[in-house]
Amino acid sequence: MKTMTCKQLGGACDMEFSANTFEEIADLSKTHGMEMFQKKDSAHLKAMGEMQNLMKSPNAMQDWFENKRKEFASMPDSD
């Protein structure tokens, strides 16, 4: 199991997510992002805007995900 923070995954806070695969951790981050969106958290809304700008370029978004996958893979297992 590995742990990454909301900030490491493009978000705005230090909340930690732990999962066995990058896909699982991405889903946890997405759920957290939706909760913050519903709460209208300004820092998370700003981070989401930056991600939306990234999504305008398919290659940039693909590169971002690939880099995050590599970062996840290189992290040590958490307890």
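**Helix contacts in a predicted model**

Colleague: Which residues in helix 3 do F22, E23 and I25 in helix 1 meet?

Modeller: The model is predicted, so local features need pLDDT of at least 70 and side-chain atom pairs pLDDT 80 or more, while totals for chains, interfaces and linings use all residues. Residues are numbered from 1 along each chain as its sequence is written, and side-chain values use heavy atoms, without hydrogens and water. Taking contact as heavy atoms within 4.5 Å and helices as DSSP H or I runs of at least four residues, numbered from the N terminus, the partners of F22, E23 and I25 are F65, K68, R69 and F72.

Colleague: How many charged residues does the contact of helix 1 with helix 3 have?

Modeller: Asp, Glu, Lys and Arg count as charged; Ala, Val, Leu, Ile, Met, Phe, Trp, Tyr, Cys and Pro as nonpolar; the others as polar. The contact of helix 1 with helix 3 has 4 nonpolar residues and no polar ones, and its charged residues number 3.

Colleague: How is helix 1 oriented to helix 3?

Modeller: The axes (fitted to C-alpha atoms over the stretch in contact) lie 10 Å apart, at an angle of about 115°. Angles run from 0 to 180 degrees between N-to-C directions, and 65 to 115 degrees counts as roughly perpendicular. Helix 1 is therefore, relative to helix 3, roughly perpendicular.

Note on methods
Helix = DSSP H or I, 4+ residues; strand = E, 2+ residues; numbered from the N terminus. Parallel < 35°, antiparallel > 145°, perpendicular 65-115°, else oblique.
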